[in-house]
Amino acid sequence: MGIFATRNSKEIYDKLKKPAFAPPSWTFPVAWTSLYTIMGLLTLITVTAFEFYKIDRT
């Protein structure tokens, strides 16, 4: 989805003056995809636990 925000964001990022410890640009999509996948799995686990143990959500 972020690819539609700015079409030339990779070029903009590559031109920025970055410190030596800055990660390469390919790490951001991997990190965000992993983060959202983990959040989705944890949400599924939580909802399943609520239903399995009949926990009142209020």
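How many residues does helix α2 have, and how far does it reach from its first C-alpha to its last?

1. Helix α2 covers residues 27-53; it has 27 residues and reaches 38 Å from its first C-alpha to its last, close to the 39 Å expected at 1.5 Å a residue. The expected span is 1.5 Å times one less than the number of residues in the helix. Lys54 follows α2 and has a positive phi, near 55°.

2. The model is predicted: local features need pLDDT of at least 70 and side-chain atom pairs count only at pLDDT 80 or more, while totals for chains, interfaces and linings use all residues. Numbering runs from 1 along each chain as its sequence is written, and side-chain values use heavy atoms, with hydrogens and water left out.

3. The secondary structure of the protein chain comes to two helices and zero strands. Helices (H or I, at least four residues) and strands (E, at least two) are DSSP runs, numbered from the N terminus.

4. Of the 58 residues in the protein chain, 2% count as buried. Buried means under 20% relative accessible area, exposed over 50%, and partly exposed in between (1.4 Å probe, protein chains only). The chain exposes about 5,700 Å², of which carbon and sulfur atoms supply 71%; accessible areas come from the Shrake-Rupley method with a 1.4 Å probe, and for residues only the protein chains shown count as cover.

5. Leu35 is found in helix α2 and is partly exposed, with a relative accessible area of 36%.

6. Thr43 also lies in helix α2. Its relative accessible area of 48% makes Thr43 partly exposed. A polar atom of the Thr43 side chain lies 2.8 Å from the backbone oxygen of Met39.

7. Pro24 is in the loop between α1 (9-15) and α2, and counts as partly exposed at 41% relative accessibility. Pro24 and Tyr13 are eleven residues apart in sequence and 9.7 Å apart in space, C-alpha to C-alpha.

Note on methods: A polar contact is a pair of N or O atoms within 3.5 Å; within protein, one must be able to donate a hydrogen and the other to accept it, and residues adjacent in sequence count only if both atoms are side-chain atoms.
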